[in-house]
Amino acid sequence: MDKLCVRGGASLSGTVEIAGAKNAALPLMVASLLIEEPLVLENVPAVSDIETLKALLGGFGVEIQQADADGALSLNACALSSAHADYDLVRRMRASILVLGPLLAREGYAEVSLPGGCAIGSRPVNMHVEALEALGAEVAIDGGYVRARLPSSRSRLAGGQVVFASPSVGATENALLAASLAKGESKIINAACEPEVVDLANCLVKMGAEISGIGTSTLLIQGSECLQGTAHRVIPDRVEAGTYAVAAAITRGRVRLEKVCPDHLEVFLGMLERANVVVQVESQAPQMQGAETSGLQTKSEPQGTIALDATGGALCAVDITTAPYPMFPTDLQAQFMALMTQAQGESHITESIFENRFMHVQELIRLGAKIEVRGATATVQGATPLQAAPVMATDLRASVSLVLAGLAAEGDTEIRRIYHLDRGYQNLEGKLRALGAEVWREPQD
Ligand code: UD1
């Protein structure tokens, strides 16, 4: 296993191209299970979570071909050979639970291992199960597996009303996927509105699904007996974009992000401005895309560029609270905390989505940060000079916050367990190096 070494001190400058969103690509790949025709996805990021899902889908009999151009994947689920998702793959990636709804809708039964705990909290799957029960499934949990089947009287899921007590991205996606093939109308109340959910809904519509209320908290789905293949371009990764924005800010640099959706980052960018970073957004009109790899034309999300300039004056402390979209994303909380260690004054960072998402705090403290956690709020005293130290990555976003802190620290910071980073960041070292950072991998002893 490798460790990542980061030499602090360089001020980043230049341009970085943002990859497709991992969290959008995963449910889109799963949507291939609904159809007997190929689904072509463009702009799929080259990260290890995508490889894990490829292996899982391959186990069900999905044929996957990788085209050279633009991260394009063709997924063909014309015949499924299994509806069993084993613990070995599911434990590697919680998003594997997304296959439950589509497998059940297509095959009439599905068995998916319970994902188990993870570093950022208990992360139960009760909402996924309740959603499928509301669509007429019989679900049992035994032997560490969620086993779902249709009642013997039915050949398809039935339309129904799914009411979520609080919005869940994954459970909304699971319900949306399953309801698209159910018989009759389904309503999802208190649905998550994240751009990744919208991207999935837009692709399902291209596949022939009838969905209204896309982007709102109430989704209405008229189930179809059969959906068709299509081509779809994955939206840009707002979390990757936000991470490079923080890299620019924490190194007091000047960086331009390309191929992004600035609209998806509105609240986050507002907080960066309050922290004294100059943010300039340029949006472009949606373009027709997809002809080269698939022969099918699709209309893209409005894309653009974000220019960040943190070269003028000191960074200021800003309070943030994570909350469902469009508010501040939990997936950018750790990165923003790293930034706040370099801002003048006291900032309060409140995590309202996951109960244990402060695993990065102890590691940031090892680098010299002054942070105190009380309940769901971390108080950061800045600005403190950071000193390089060996640190341990605990989850995907926590690990990248340590890379960011390393960029601002004096000396060479070593980050261990970097397989977390490879789950979600495409070519992190290459992109940082192109912006002038000194970052390299070494074998971990
Ligand atoms: C997705 C994202 C993840 C992001 C999170 C919140 C993917 C692959 N991952 O995760 O990066 O941090 O959204 O934006 O897209 N919950 C339950 N029961 C359930 C499901 C969820 O109690 O059955 C709770 C969770 O513990 C959490 C909250 O709901 O407290 C929101 O989680 P959810 O939106 O479901 O997150 P994921 O879909 O797992």
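The legends below describe close-up views of a predicted model.

Local features need pLDDT of at least 70 and side-chain atom pairs count only at pLDDT 80 or more, while totals for chains, interfaces and linings use all residues. Residues are numbered from 1 along each chain as its sequence is written, and side-chain values use heavy atoms, with hydrogens and water left out.

**View 1**
Asn23 places a side-chain N or O atom 3.0 Å from an oxygen atom of the ligand. Pro124 uses a backbone N or O atom, 3.1 Å from a ligand oxygen. Ile353 also uses a backbone N or O atom, and here the distance to a ligand oxygen is 2.6 Å.

**View 1. His128 in helix α5.**
Helix α5 spans residues 126-134 and holds His128 (helices are DSSP runs of H or I with at least four residues, strands are runs of E with at least two, and both are numbered from the N terminus). His128 counts as buried, at 6% relative accessibility (buried means under 20% relative accessible area, exposed over 50%, partly exposed in between, with a 1.4 Å probe and protein chains only). Its side chain makes a polar contact of 3.0 Å with the side chain of Asn174. Beyond its neighbours within four places in sequence, His128 is in contact with Ile97, Ser168, Gly170, Ala171 and Asn174 (contact means heavy atoms within 4.5 Å).

**View 2. His360 and the buried side of helix α12.**
His360 sits in α12, residues 359-366. At 2% relative accessibility, His360 is buried. The side chains of His360 and Gln333 form a polar contact of 2.9 Å. Not counting residues up to four places away in sequence, His360 touches Gln333, Ala334, Met337, Ala398, Ser401 and Leu402. The buried residues of α12 are His360, Val361, Glu363 and Leu364. They pack against α11, β22 (370-374), β24 and α13 (396-408).

**View 3. Helix α8 against helix α11.**
Two packed helices are described by the angle between their axes and the distance between the axes. Helix α8 (residues 238-250) and helix α11 (residues 333-340) have axes that come within 10 Å and cross at roughly 5°. Axes are lines fitted to C-alpha atoms, for helices over the stretch in contact, and angles run from 0 to 180 degrees between N-to-C directions. The crossing makes α8 roughly parallel to α11 (roughly parallel is under 35 degrees, roughly antiparallel over 145, roughly perpendicular 65 to 115, and the rest oblique). From α8, the contact involves Val239, Thr243, Val246, Ala249 and Ile250; from α11, Gln335, Ala338 and Leu339. By class, this contact of α8 with α11 has six nonpolar, two polar and no charged residues (Ala, Val, Leu, Ile, Met, Phe, Trp, Tyr, Cys and Pro count as nonpolar, Asp, Glu, Lys and Arg as charged, and the others, Gly among them, as polar).

**View 4. Helix α6 against helix α7.**
Helix α6 (residues 169-180) packs with α7 at an angle of about 10°, and their axes are 10 Å apart. The two helices, α6 and α7, are therefore roughly parallel to each other. Val169, Thr172, Glu173, Leu176, Leu177 and Ser180 of α6 meet Glu196, Val197, Leu200, Ala201 and Leu204 of α7. The contact of α6 with α7 has seven nonpolar, two polar and two charged residues.

The peptide bond from Tyr325 to Pro326 is cis, with omega near 15°. Pro326 lies between β20 (320-321) and α11. A cis bond also runs from Gly382 to Ala383, with omega near -10°. Ala383 is in the loop between β23 (377-382) and β24 (390-392). Asn190, a residue other than glycine, has a positive phi near 65°. Its loop joins β11 (185-189) and α7 (195-206). Asn190 is partly exposed, at 25% relative accessible area. Arg252 has a positive phi near 55°. Arg252 lies in the loop between α8 and β15 (254-260), and is partly exposed at 31%.

Notes
A polar contact is a pair of N or O atoms within 3.5 Å; within protein, one must be able to donate a hydrogen and the other to accept it, and residues adjacent in sequence count only if both atoms are side-chain atoms.
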